[in-house]
Amino acid sequence: MQIGIVGLGRMGGNIARRLMKAGHSCVVYDANPKPGQDLAKEGAQAVSSLEALVKALDAPRTVWSMLPAGKITEETVEALAGLFDKGDTVIDGGNTFYKDDIRRAKTLAQKGLNYIDCGTSGGVWGVERGYCMMIGGPVDAVQRLDPIFAALAPGAGDIPRTEGRDGLDPRAEQGYIHAGPSGAGHFVKMVHNGIEYGLMQAYAEGFDILRNKNSEALPEDERFALNVPDIAEVWRRGSVVSSWLLDLSAMALAKDHDLSKFSGYVDDSGEGRWTVEAAIEEAVPAEVLTSALYTRFRSRQEHTFGEKLLSAMRFGFGGHVESHESPAAAPAAPKAAE
């Protein structure tokens with residue numbers, strides 16, 4: 001099939017590469033011409049504008065947008081809608097807020113256009129491993145583009161079949177699903193990312209506990225100098241906590257035992273926040289996911305005002321001098337009331 005791709009960053013460019021390897025034809029565009037030029041050497045048709053992209057595609061046209069959520073995606077979808085003809089389709093593969101998908105789908109449907117939201121997981125490894133996709137949109141449009149999704153998906157691989165799946169949608173076993181109407185794909189991906197936050201935080205805290213078992217604050221006979229890279233590696237093999245996230249952790253620790261090249265600053269894409277908001281709307285308790293999100297906020301600060309207040313209160317009621325303070329610099333404890 002022929003498809004246009006807008007946004008040739010870490011994932012967009014590799015999506016084009018994986019599709020071309022499967023025999024599909026890609027017309028590509030990015031505001032930065034360099035990625036398109038590189039893909040042209042690999043067989044893509046690179047163009048210099050959205051107008052040129054639409055003209056290069058045969059009807060019914062399909063354009064996959066792989067841009068950051070927000071203004072740039074909004075403007076791109078609006079521009080494509082103005083250039084498209086009835087029956088054409090926009091796929092948004094970025095991390096868009098699902099309520100924006102619902103709104104856009106209604107607007108495009110009034111013009112006879114299809115809007116598909118595709119939650120896409122796989123990161124920079126997707127070109128080799130494939131992309132897990134959670135798709136929302138009209139049934140007919142999603143079905144027509146099944147060859148595209150099938151080519152991008154990882155396939156069944158060597159993962160054993162889940163018992164009891166006879167009669168269920170076989171696409172799930174291949175690594176992609178049609179989750180429901182427009183917005184459903186990104187909603188599922190949003191919750192996926194919220195869970196990812198929690199899993200990552202659990203690993204981070206666990207390995208922090210392991211690493212600090214040699215702390216001088218512990219009795220000497222209770223200190224262990226644990227080999228954290230080896231622990232990560234052995235857990236990958238037969239442990240109930242094995243996962244791709246653990247694989248990535250083991251790789252990072254093997255290369256840099258102290259993780260000295262990392263700052264500890266942890267950003268969030270927005271989907272963790274949206275997942276927490278959805279939990280609030282649904283009155284669903286989500287303590288782990290919420291805590292993991294707040295920890296990411298915490299990682300971006302040295303010490304918060306709240307933590308300083310905690311320190312002040314601890315000194316006030318118990319005379320506790322925090323380890324980073326000099327006792328001489330601490331204020332004198334108030335005298336007991338007579």
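**Entry 1: salt bridges**

A salt bridge is a side-chain nitrogen of Lys or Arg within 4 Å of a carboxyl oxygen of Asp or Glu. Side chains of opposite charge can pair when their charged atoms come close. I am working on a predicted model, where local features need pLDDT of at least 70, side-chain atom pairs count only at pLDDT 80 or more, and totals for chains, interfaces and linings use all residues. Residues are numbered from 1 along each chain as its sequence is written, and side-chain values use heavy atoms, with hydrogens and water left out.

I looked up the total by this rule: 21 salt bridges. I also found a network of them that links E74, D92, D100, R103 and R104.

**Entry 2: R104 and E74**

R104 and E74 form a salt bridge, 2.9 Å from N to O. This pair links distant parts of the chain, 30 residues apart: R104 sits in helix α5 (residues 98-109) and E74 in helix α4 (residues 71-83). Helices here are DSSP runs (H or I, at least four residues), numbered from the N terminus.

Are the two residues buried or exposed? R104 is buried, at 3% relative accessible area. E74 is also buried, at 18%. The cut-offs are under 20% for buried, over 50% for exposed, and partly exposed in between (1.4 Å probe, protein chains only).

**Entry 3: K34 and D38**

K34 and D38 both lie in helix α2 (residues 33-40), 4 residues apart, about one turn of the helix. An α-helix has 3.6 residues a turn, so residues three or four places apart point the same way. The closest N and O atoms of K34 and D38 are 2.9 Å apart, a salt bridge. K34 is partly exposed at 46% relative accessibility. D38 is partly exposed at 24%.

**Entry 4: E271 and K189**

I then looked up E271 and K189, which meet in a salt bridge of 3.7 Å, N to O. The two lie 82 residues apart, E271 in helix α13 (residues 271-282) and K189 in helix α10 (residues 184-211). Both E271 and K189 are buried.

**Entry 5: helix α14**

Last, I looked at the sides of α14. Which residues of α14 are buried? T290, A292, L293 and R296 are. They cover an arc of only 160° around the axis, so they lie on the same side of α14. The arc is that of the directions from the helix axis to the C-beta atoms. On the other side, E287, V288 and Y294 are exposed. The cover over the buried residues of α14 includes α10 and α13.

Key: Contact means heavy atoms within 4.5 Å.
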